[in-house]
Amino acid sequence: MSFLKGKKILIIGMTNKFSLSWGIAKQMYQYGAELSFTYHQEKNKKKIQKLAKTVNSNRIFFCDVQLDTSIINLFKNLSKVWSFFDGIVHSVVFSTNIKKKEFNIENISRKDFQITHDISSFSLLAIIKAAKKFLNLKSSILTLSFIGSLKYVPGYVLLNSAKSSLESNVKYLAYSLGKKNIRINVLSSGPILTSSSRKIHNFYQIMKYSSKFSPLRRKVTLEEIGNTASFLCSDLSSGITGQTIYVDSGFNIFGMFETI
């Protein structure tokens, strides 16, 4: 299948081969997409270059999502190789106190809150603001979330409200971007071990719990995440925007669990 053939997609926030966005990149490449990537830390640049090479890309650009000037420069540089492009995968998440065990008001500072929301939520708006003039009609934007945006998950400190903010913003962005025939959606993944998630307190137990109680009784895979992301960035999903799509073996449907 090549339903992404001819599509040019920018992936923002990938750090290594364990990133959700790398699973997405591999599947998008299999379906025919041309890909570009960003890096933030110099120590990750060579890793990303090496991975990008395996999907036939040498388009790697620096971007610090906390700086508007850096975001603007990203798209200026990208426009030198792609005058226009067709999609963005926003895979950016950070919290200063992600290793905390519980949501304890004594552990949360104004600075922690601002940094977490700035990087994990506002960055999407800042990126779209700079990118929209370079996006083709019928482009698609995708961002990533987790069930912790809606329900209590142990250890998901501060990221809970940041992801809630992100998902709410997508609904309003969908309305605004829809006037330009540009779509935007959220992919909410089940627990998958990544460089970021392994920092969450008791994450292995969270994965085990999700696998035990989800309807499919198993974890989701990076390939499944990548397949859904590819669909959402393709013309096959042309009627879908402003939605949160769960790829979590059905775990999100439960309100109460069996005692087994």
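**Terms and the values behind them**

Analyst: Strands S6 and S7 run parallel and are joined by four bridges. Within this pair, Leu187 has Ile245 of S7 as its bridge partner. The model is a predicted one.

User: What makes S6 and S7 a pair of strands?

Analyst: Pairing requires at least two bridges between two strands. S6 and S7 have four bridges, so they count as paired.

User: How do you know that S5 also pairs with its neighbours S4 and S6?

Analyst: The criterion is again at least two bridges. Strand S4 (residues 85–90) and strand S5 (residues 135–145) are linked by five bridges, and S5 and S6 by six. Ile141 of S5 stands opposite Ile88 and has Ile184 as its bridge partner in S6.

User: In what order do the seven strands stand, and which are called edge strands?

Analyst: The order is S3-S2-S1-S4-S5-S6-S7, in an open sheet with parallel pairing. Strand S3 (60–62) and strand S7 (244–247) each have a single partner strand, so one side of each lacks a neighbour in the sheet; hence they stand at the edges. On average, neighbouring strands are turned by 25 degrees against each other, direction ignored.

User: Which helices are said to pack on or lie across the sheet, and which strands are involved?

Analyst: Helix H1 (residues 20–30) packs on the sheet and touches strand S1 (8–12), strand S2 (34–39), S4, S5 and strand S6 (183–189). "Touching" here rests on heavy atoms within 4.5 Å. The direction of H1 makes about 160 degrees with that of S2. Helix H3 (residues 68–78) lies across S1, S2, S3 and S4, at about 155 degrees to S3.

User: Why is S6 called mostly covered?

Analyst: A residue is buried under 20% relative accessible area. Seven of the seven residues of S6 are buried, so the strand is described as mostly covered. Arg183, Asn185, Leu187 and Ser189 point one way, while Ile184, Val186 and Ser188 point the other way, and all are buried.

User: What makes S5, H5 and S6 a right-handed unit?

Analyst: The test is the path from the first strand over the helix to the second, seen with the strands pointing away from the viewer: clockwise is right-handed. S5, helix H5 (residues 159–178) and S6 make a right-handed β-α-β unit, so their path runs clockwise in that view.

User: How do you know that the length of H5 agrees with its number of residues?

Analyst: At 1.5 Å a residue, its 20 residues should span 28 Å, and the end C-alpha atoms are 28 Å apart, so the two values agree. Buried residues of H5 include Leu159, Leu166, Val170 and Leu177. Among the elements covering the buried residues of H5 are S4, helix H4 (110–131), S5, S6 and S7.

User: How is the packing of H1 against H7 described?

Analyst: Two packed helices are described by the angle between their axes and the distance between the axes. For H1 and helix H7 (residues 222–232), the angle is about 60 degrees and the axes are 7 Å apart. Their crossing is right-handed. Residues making the contact include Leu20, Ile24 and Met28 of H1 and Leu222, Ile225 and Ala229 of H7.

User: Why is Ile225 counted as buried, and what is it in contact with?

Analyst: Ile225 has 0% relative accessibility, so it counts as buried, the cut-off being under 20%. Ile225 is in helix H7. Neighbours within four places in sequence aside, Ile225 is in contact with Ile24, Leu187, Ser189, Ile192, Val220 and Val247.

How values were computed. Residues numbered from 1 in each chain as written. Predicted model: local features only at pLDDT ≥ 70, side-chain atom pairs only at ≥ 80, totals over all residues. Heavy atoms only, no water. Helix = DSSP H or I, 4+ residues; strand = E, 2+ residues; numbered from the N terminus. Axes fitted to C-alpha atoms, helices over the stretch in contact; angles between N-to-C directions. Buried < 20%, exposed > 50% of the residue type's maximum accessible area, 1.4 Å probe, protein only. Expected span 1.5 Å × (residues − 1). Left-handed = near helix turned anticlockwise from the far one by under 90°.
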